Amino acid sequence: MDVISVIRTKRDRGELTPAQIDWVIDAYTRGEVAHEQMSSLAMAIFLNGMNRTEIARWTAAMIASGERMDFSSLPRPTADKHSTGGVGDKITLPLAPLVAACGAAVPQLSGRGLGHTGGTLDKLEAIPGWRATLSNAEMLDVLRDVGSVICAAGDGLAPADKKLYALRDVTGTVESIPLIASSIMSKKIAEGTGSLVLDVKVGSGAFMKHLDDARELASTMVELGTDHGVRTVALLTDMATPLGRTAGNALEVRESVEVLAGGGPQDVVDLTLALAREMLDAAGLKDADPAKALADGSAMDHWRRMISAQGGDPDAALPVAREQHVVTAASSGTLTTLDAYAVGLAAWRLGAGRARKEDPVQAGAGIEMHAKPGDTVTAGQPLLTLHTDTPEKFPYALEALDGGVLVGPEDAAFAATPVVRERIA
Ligand code: URA
């Protein structure tokens, strides 16, 4: 087999054979296929796509590139959730301990933020002492003792995807349905969860800007999961505007703790409960009541134990950025637009996100949103507070927000989009 013929097949809109796929994934993982060759193949796939048979084989080959985890020794059914990435998407933080409080085991292997979307591990690292990296044995111990664990995927899990995702990130080949579906599902299937709920984001702040694309991505992933024996369901959820009222690491931890304490923004609570119900149903725990577990403090109790088990201090003060800048409403009326991409980009420029995988993030950086679309605002009222340790970044953040925050007349037509738009099973 030679890589040039594999690249030519896809470049010329052909179908890759199972043997070509198995060989190219294995050879790339071993370093026999060079980055520039894989990057050319990724671009050919980005431009010409792959059919469902090719995607299934590509996913299977990425799973086979590494180890598979096994949670069958746990006394509880396993349920996991994966979001395709958004702005202010802190849902994993309250969701994992909530679902554990309802009786499932939640092995939540999470990632770091890249570009304008935040990463769960970066958020949790704002908590003093908290550790993202656990051995497989430590992970199983926390799962057994607490019921939920949120940690980084080990190097042994789908190593082909680790290499390929880093390459796609720097070659403009991320936003491809076959590549996203196989990337996410290879990790989730290798992780060994019994059931999986996918939160497929749609809107300006998501990889999928249009509902049709989000549907296609969701149904591809549901089919892949189901074919591998994982009970898989997808919710298509809104990412035209950020989730909740904060975007940024420590700011989002604070808001998540508010949700666990029975408060927090309604959209965050609604989505957390909707995903929890799906996870519990898929895990066969249909009688569990996640709303009760939020209200009676048991979800908060699981959160505290989960954070402590990973070295964090749930009572420690969270980091606060050194400088703040308040953006006020220029006129009175109705806030009609608070664009998720603009807010995500601004938070990233303030230091909440990273441009390259090895860059550090600022724990305190980010944006607080004092009004959400549909709210009535008065001229001069604070709309946003920008937080950063590097105030020279304020002008760049303000530039990102330009055109993304719009106030219309008080009677401006405004149709609220529900957080959960569709369910695909
Ligand atoms: N998240 C992943 O894990 N992979 C992708 O390709 C996109 C988002």
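This short talk covers a sheet, a helix pair and a ligand shell in the structure above.

The model is predicted: local features need pLDDT of at least 70, side-chain atom pairs count only at pLDDT 80 or more, and totals for chains, interfaces and linings use all residues. Residues are numbered from 1 along each chain as its sequence is written.

I begin with the sheet. Four strands, in the order β1-β4-β5-β13, form an open sheet with mixed pairing. Strands (E, at least two residues) and helices (H or I, at least four) are DSSP runs numbered from the N terminus, and two strands pair if DSSP finds at least two bridges between them. β1 (79-83) and β13 (420-424) each have a single partner strand, so one side of each lacks a neighbour in the sheet. Strand β5 (residues 231-238) runs antiparallel to β13, joined by 4 bridges, and L236 stands opposite E422 in β13. Helix α10 (residues 211-227) packs on the sheet and touches β4 (195-202), β5 and β13; contact requires C-beta atoms, placed from the backbone, within 7 Å. The direction of α10 makes about 165° with that of β5, where angles run from 0 to 180 degrees between N-to-C directions of axes fitted to C-alpha atoms, for helices over the stretch in contact.

Next, the helix pair. Helix α2 (residues 18-30) packs against helix α4 (residues 52-64) at about 35°, with axes 9 Å apart. Among the residues that meet are I21 and I25 in α2, and W58 and M62 in α4.

Finally, the ligand. Its surroundings include T84, Y165 and S183, by the criterion of a C-beta atom, placed from the backbone, within 6 Å. Helix α9 (residues 177-191) gives the largest share of this shell, 4 residues.

Methods: Contact = placed C-beta atoms within 7 Å.
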